[in-house]
Amino acid sequence: MSGISEFNAAANADIGREHEIQLGLLRELCRAAGGSGDPDLVGEILQRLIDYSEAHFASEELLMRMKSYDDYEDHVEDHSQILDALRDVAAKHRRGESALVAGRATETLDFVDRHIATRDRRFADYVRNNL
Ligand SMILES: [Fe+2]
């Protein structure tokens with residue numbers, strides 16, 4: 001395997017692991033926000049999820065720029081939508097509108113799931129074939 005294909009395989013493996021952590025935090029948020037949900041715990045998970053998502057998207061976007069990726073703009077637009085949705089949920093939670101958090105968390109989980117299955121998958125294929 002050449003140096004560049006090793007780099008590409010490692011980059012895809014890193015991104016795959018980051019997706020699992022991001023999805024894990026989203027599922028944790030859905031669980032905590034459903035039922036009687038301790039508000040402090042919900043707020044804590046939300047903040048961790050926002051921080052993690054910011055870091056993950058930044059590294060994915062850096063790799064896209066390094067690879068001159070052809071779907072960069074639309075892909076980044078999805079990332080912005082996800083972060084806007086999470087920040088909006090966090091603001092609602094801080095204002096005590098916690099009843100809305102569970103529904104919004106589920107919607108965001110569905111959106112991120114679709115994003116990973118479509119845009120992220122397309123990017124992973126692009127990286128794999130980028131020699
Ligand atoms: Fe992405």
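Helices α1 (3-33) and α2 each supply at least two residues of a nonpolar patch; helices here are DSSP runs (H or I, at least four residues), numbered from the N terminus. This is a predicted model, where local features need pLDDT of at least 70, side-chain atom pairs count only at pLDDT 80 or more, and totals for chains, interfaces and linings use all residues. Residues are numbered from 1 along each chain as its sequence is written, and side-chain values use heavy atoms, with hydrogens and water left out.

The patch sits on the surface and consists of Ile-4, Phe-7, Leu-62, Met-66 and Leu-131, with about 520 Å² of accessible area together. Leu-131 comes from the segment after α4.

Now for the rings. The structure holds 2 aromatic pairs (ring centres of Phe, Tyr or Trp, its six-membered ring, within 6.5 Å; planes under 30 degrees apart are stacked, over 60 edge-to-face, the rest tilted). One of them is Tyr-69 with Tyr-126, an edge-to-face pair at 4.8 Å centre to centre and 65 degrees between the planes. That pair links distant parts of the chain, 57 residues apart: Tyr-69 is in the loop between α2 (39-66) and α3 (72-94), while Tyr-126 is in helix α4 (residues 101-128).

| Residue | Relative accessible area | Class |
|---|---|---|
| Tyr-69 | 5% | buried |
| Tyr-126 | 25% | partly exposed |
| Leu-131 | 78% | exposed |

Methods:
Buried < 20%, exposed > 50% of the residue type's maximum accessible area, 1.4 Å probe, protein only. Patch = residues over 30% accessible without salt bridge, like charges linked within 9 Å, V, L, I, M, F, W, Y side chains within 5 Å. Areas by Shrake-Rupley, 256 points an atom, 1.4 Å probe, with all protein chains shown as cover. Salt bridge = Lys/Arg side-chain N within 4 Å of Asp/Glu carboxyl O.
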